[in-house]
Each structure stands twice: as C-alpha cells, then as structure tokens.
Amino acid sequence: DAVGALQALEEIERKNMTATLPIYNTAMAACQRHWQIALDLFHTLDRKNVRPDNTTYFRAIQACEKAHQWQKAVGLIDTCGSTSSEILSTSMYIAALKACKKMQQGVAACNLLQDMKKRGIGRTLECF
C-alpha cells in the first residue's frame, strides 16, 4: 500500500542509503490510487538526478489515468517524448488514452494517436 511504500522510502533515507530507481518504481506502483503522491515520487527522481525509465513513466501515467487526470497523463507523454523518446511505449499511450476517454477528451485522444503514428509506436485495438 501507499503508506507502507512511503515508510520504506523514509526508512531508506533515514539510514543514509540511496533508494534506487526500481525502489521508486515499486513505490509508485503502490501509490496508483494516489496520483499526487505518485507524481511527487516521479518529480523526486528529477531532484535526485535519476533518469526515469519506461516503468517510471508508465506508473506515473497510470496513476493519472486512474484519477482521471488526463492533462497530467498527456503532459507526461509530452515530457517523455521530448526528453526520453526512446522509452515511449504503447502501454504509456494506452494509459493516457484511457484517461482521455474517461473524461471525454476526443481531441486529446486523437492527438495521442497521431503522435503514436508519427513516432512509429505500435497501436493495438486497446488504443481505439
């Protein structure tokens, strides 16, 4: 759960140890129902000069999708596309598309689909 994940991160910091990217990814997975906490963890990586990977972006986008935060999800796709486009994945786009669908943001969803096509990212039936 989210509380346990945050307590584990605090314990690591308290012992002057360094939390690794997989630890942050696991904590973000535990925080899927708490999008603001998941995004705080995501932004913590930047402050620690740790480069997010595919899993990190996916977990952040997925948390936004679950909370219907379509603008945040699309923003994360944009950020990833401009800084780490090589790690963009179909699963990231699907989570952002789901957020757009839940909030009836058809234009944003179409823009994501066009971006996928432009970047050569495979589209599945789940995208539509």
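Q: Let's start with α3. How many residues does α3 have, and how far does it reach from first C-alpha to last?
A: In this predicted model, helix α3 has 13 residues and spans 19 Å from its first C-alpha to its last. That is close to the 18 Å expected at 1.5 Å a residue.

Q: Which residues of α3 are buried?
A: The buried ones are Trp-35, Ala-38, Leu-39, Leu-41, Phe-42, Thr-44 and Leu-45.

Q: And what covers the buried residues of α3?
A: The cover includes α1 (2–14), α2 (21–30), α4 and α5 (70–83).

Q: What happens just after α3?
A: Asn-49 takes a positive phi there, of about 55 degrees.

Q: Switching to rings: how many aromatic pairs does the structure hold?
A: There is 1 aromatic pair in the structure. Its partners are Phe-42 and Tyr-57, with ring centres 5.0 Å apart and planes at 65 degrees.

Q: Why is the pair of Phe-42 and Tyr-57 edge-to-face?
A: It comes down to the angle: planes over 60 degrees apart count as edge-to-face, and these two rings stand at 65 degrees, so the pair gets that label.

Q: Where do Phe-42 and Tyr-57 lie?
A: Phe-42 is in helix α3 (residues 35–47), while Tyr-57 belongs to helix α4 (residues 54–66). The pair therefore ties together parts that are 15 residues apart in sequence.

Q: Are those two, Phe-42 and Tyr-57, buried or exposed?
A: Both Phe-42 and Tyr-57 are buried.

Q: OK, on to charges. How many salt bridges does the count come to?
A: The count is 7 salt bridges. One of them joins Glu-13 and Lys-48, whose closest N and O atoms are 3.2 Å apart.

Q: Which parts does the pair of Glu-13 and Lys-48 tie together?
A: Glu-13 sits in helix α1 and Lys-48 in the loop between α3 and α4, so the bridge ties together parts 35 residues apart in sequence. Glu-13 is partly exposed, at 35% relative accessible area, and Lys-48 is also partly exposed, at 39%.

Q: What about Glu-65, which residue does it form a salt bridge with?
A: Its partner is Lys-102, and the closest N and O atoms are 2.6 Å apart. Glu-65 lies in helix α4 and Lys-102 in helix α6 (residues 90–102), so this pair ties together parts that are 37 residues apart in sequence.

Q: Does Glu-65 count as buried or exposed?
A: Glu-65 counts as buried, at 7% relative accessibility. The cut-off for buried is under 20%. Lys-102, by contrast, is partly exposed at 38%.

Q: Which residues are linked in a network of salt bridges?
A: That network links Glu-11, Arg-14 and Lys-15. Within it, the side chains of Lys-15 and Glu-11 meet at 3.5 Å, N to O.

Q: Is Lys-15 buried or exposed?
A: Lys-15 is exposed, with a relative accessible area of 51%. Glu-11 counts as partly exposed, at 29%.

Q: Last topic, Arg-119. Where is Arg-119 found?
A: Arg-119 is in helix α7 (residues 106–119). This arginine is partly exposed, with a relative accessible area of 34%.

Q: Leaving aside its neighbours within four places in sequence, what is Arg-119 in contact with?
A: With those neighbours set aside, Arg-119 contacts Gly-81, Ser-85, Leu-88 and Tyr-93.

Q: And how far apart in space are Arg-119 and Ile-23?
A: They are 30 Å apart, C-alpha to C-alpha, and 96 residues apart in sequence.

Key:
Residues are numbered from 1 along each chain as its sequence is written. This is a predicted model: local features need pLDDT of at least 70, side-chain atom pairs count only at pLDDT 80 or more; totals for chains, interfaces and linings use all residues. Side-chain values use heavy atoms; hydrogens and water are left out. Rings of Phe, Tyr and Trp (its six-membered ring) pair if their centres lie within 6.5 Å; planes under 30 degrees apart count as stacked, over 60 as edge-to-face and the rest as tilted. Helices (H or I, at least four residues) and strands (E, at least two) are DSSP runs, numbered from the N terminus. Buried means under 20% relative accessible area, exposed over 50%, partly exposed in between (1.4 Å probe, protein chains only). The expected span of a helix is 1.5 Å times one less than its number of residues. Contact means heavy atoms within 4.5 Å. A salt bridge is a side-chain nitrogen of Lys or Arg within 4 Å of a carboxyl oxygen of Asp or Glu.
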